[in-house]
Amino acid sequence: MKKYIDQGKNDTRSGYGAAMTELGRTNPNVVALCADLVASLKIQPFIDENPDRFFQTGIAEANMMGIAAGLTIGGKIPFASTFANFATGRVYDQIRQSIAYSDKNVKICASHAGITLGEDGATHQILEDIGLMKMLPGMTVINPCDYNQTKAATLAIAEYEGPVYLRFGRPKVANFTPENQKFEIGKALMLNEGTDVTIVATGHLVWEALIAAEKLEEQGVSAEVINIHTIKPLDEEAVLKSVKKTGCIVTCEEHNYLGGLGESIARVLANQHPTPQEFIATQDTFGESGTPEQLMEKYGLNNKAIVEAVLKVMKRK
Amino acid sequence: MTVRELRLKSIFLRKQLLKYIYHAKAGHTGGSLSCTDILNVLYNKVLNVDPKNFKDPDRDRYIQSKGHSVEALYVTLADKGFFPEDDLETLCAYGSNYIGHPTKKVNGMEQNTGALGHGLPICVGEAIAAKLDEKNHRIFTLLGDGELPEGSNWEAFLAAAHYNLDNLYAILDYNKQQITGNNEDVMRIDSVKEKLQAFGWEVREVDGHNIEELIEALNNGPFKVGKPNFIIAHTIKGKGVSYMEGNLKWHHGVPSDEQYEMALNELNESQSLI
């Protein structure tokens with residue numbers, strides 16, 4: 001199996017912050033907004049270097065989304081950032097009406113998504129945001145897997161015209177994708193070719209999928225691992241091509257199984273190539289306090305759970 | 001355009017919007033009649049917008065937050081030549097671009113609106129953008145009194161003052177009524193002037209059906225350098241058609257043949273007195 005090396009744990013939100021610093025220097029059209037979470041979103045360097053291009057909205061997320069929509073005039077590219085639950089559920093109507101329906105070039109950049117937010121607990125652990133955002137016509141939904149990829153994705157969406165939801169997280173996680181990679185929106189990445197099962201993963205679960213594939217290899221199972229960083233538009237061809245070879249699939253995400261990546265893939269498979277599928281996702285529950293590792297274990301979101309799901313789905317072929 | 005001509009234009013626009021609501025059998029009649037004079041003055045005396053060059057980056061911006069009163073805006077834009085008036089024969093019909101709330105598919109519309117409490121935050125963004133680009137154009141929005149309880153408006157009131165947006169003009173179509181009843185009974189918003197002053201806005205109060213007062217207020221900003229501008233326009237829902245005035249039934253009401261004729265007769269009579 002192809003080896004992936006953790007270059008040193010880092011948080012995906014810092015990848016966002018680093019890209020914002022770079023965009024501050026390279027793209028004068030980029031402006032940033034934040035609802036009182038500057039430190040958490042790692043954008044202080046952007047603000048220090050571009051004080052005139054940063055707009056603090058205070059704890060008023062609905063207003064931030066509206067202001068971002070208005071700021072698009074004159075070719076500006078607003079990056080509106082806060083925690084994922086405040087960036088989606090709290091302001092759904094603003095995003096729906098003022099950004100998506102109005103086709104505004106706003107980048108909604110959301111940190112602390114999912115269960116790995118950890119200790120702060122259920123109020124802040126949104127597990128519904130992918131579903132909320134992918135249902136909006138015209139919205140692009142991206143969930144990169146590590147620091148390097150989040151940085152690359154942030155740079156890439158500045159070049160893309162249209163509304164984007166960029167989802168990333170709080171904890172320091174393995175950083176294993178190439179530095180200075182080129183990020184192609186909507187293009188799945190083949191991480192390991194295999195023949196017995198397809199594992200597709202998004203966000204923090206990609207690293208867990210790679211560990212699971214290594215463990216499976218020791219058991220004689222050849223797992224194909226695909227990183228789906230863009231949930232919408234979905235790289236349907238990559239998924240179909242893989243399952244036609246392997247005959248079964250496990251989808252992995254830090255999100256409710258309702259409305260997530262797994263459901264998007266199930267739709268494609270049901271339409272075009274019915275395939276046994278298992279879902280690594282939260283089971284329609286809210287979260288709770290704990291360390292990311294404890295919660296990933298409890299909610300069945302780690303490599304151990306993926307291995308079990310693979311063994312189960314292979315029996316259904 | 002003289003004040004007299006503008007008064008005549010208001011009558012014309014009221015007749016037009018009633019005509020298309022009557023034909024479409026749909027529309028927000030009372031609120032459209034309430035803001036007709038405001039839109040008339042904006043488009044014929046205040047806004048720097050050119051139907052032939054609508055995308056001019058230096059144009060003034062008008063975003064109608066109370067999107068449901070779109071019929072008043074449609075007839076005003078048609079009259080200015082943004083699109084052929086005949087297009088409005090498809091108002092609210094299947095396949096038409098002239099739907100029940102503002103849409104950018106229609107030439108002259110800046111923004112899709114309709115869900116309430118959205119217009120002002122967008123205008124705050126546009127006003128910041130204008131300052132950032134060192135542009136001198138102004139940004140106007142029209143708020144309904146019924147939408148003031150939306151919290152996003154109050155978030156935007158704070159932000160507009162925080163960013164010293166003296167290029168921003170929010171006009172309140174203050175007819176004191178909304179779909180369920182009087183503001184007073186649904187949700188009190190009283191002391192609007194004092195509230196907005198406390199939020200850091202410079203406030204003017206006008207009779208929203210008095211052309212001269214509207215011109216005076218809308219053309220003489222900023223009222224104070226560094227402060228956003230708020231214009232309370234006291235209005236009457238259903239203004240110009242006596243049986244509709246202040247009668248909640250006409251929030252979304254469509255006139256019958258007989259009622260339509262009565263309305264036209266009254267407006268024609270008003271026209272003859274100008």
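Q: Is Arg59(B) buried or exposed in this predicted model?
A: The model is predicted, so local features need pLDDT of at least 70, side-chain atom pairs count only at pLDDT 80 or more, and totals for chains, interfaces and linings use all residues. Residues are numbered from 1 along each chain as written, chains are lettered from A, and side-chain values use heavy atoms without hydrogens or water. Buried means under 20% relative accessible area, exposed over 50%, and partly exposed in between (1.4 Å probe, protein chains only). With a relative accessible area of 9%, Arg59(B) is buried.

Q: Which side chain makes a polar contact with the side chain of Arg59(B)?
A: A polar contact is a pair of N or O atoms within 3.5 Å; within protein, one must be able to donate a hydrogen and the other to accept it, and residues adjacent in sequence count only if both atoms are side-chain atoms. The backbone oxygen of Phe54(B) lies 3.2 Å from a polar atom of the Arg59(B) side chain. The side-chain partner, at 2.7 Å, is Glu110(B).

Q: Which residue of chain A forms a salt bridge with Asp133(B)?
A: A salt bridge puts a side-chain nitrogen of Lys or Arg within 4 Å of a carboxyl oxygen of Asp or Glu. Between chain B and chain A the count is one. Its closest N and O atoms are 2.5 Å apart, and the partner of Asp133(B) is Lys76(A).

Q: How many residues of chain A are in contact with chain B?
A: Contact means heavy atoms within 4.5 Å. Chain B brings 25 residues to the pairing. On the side of chain A, the number is 23.
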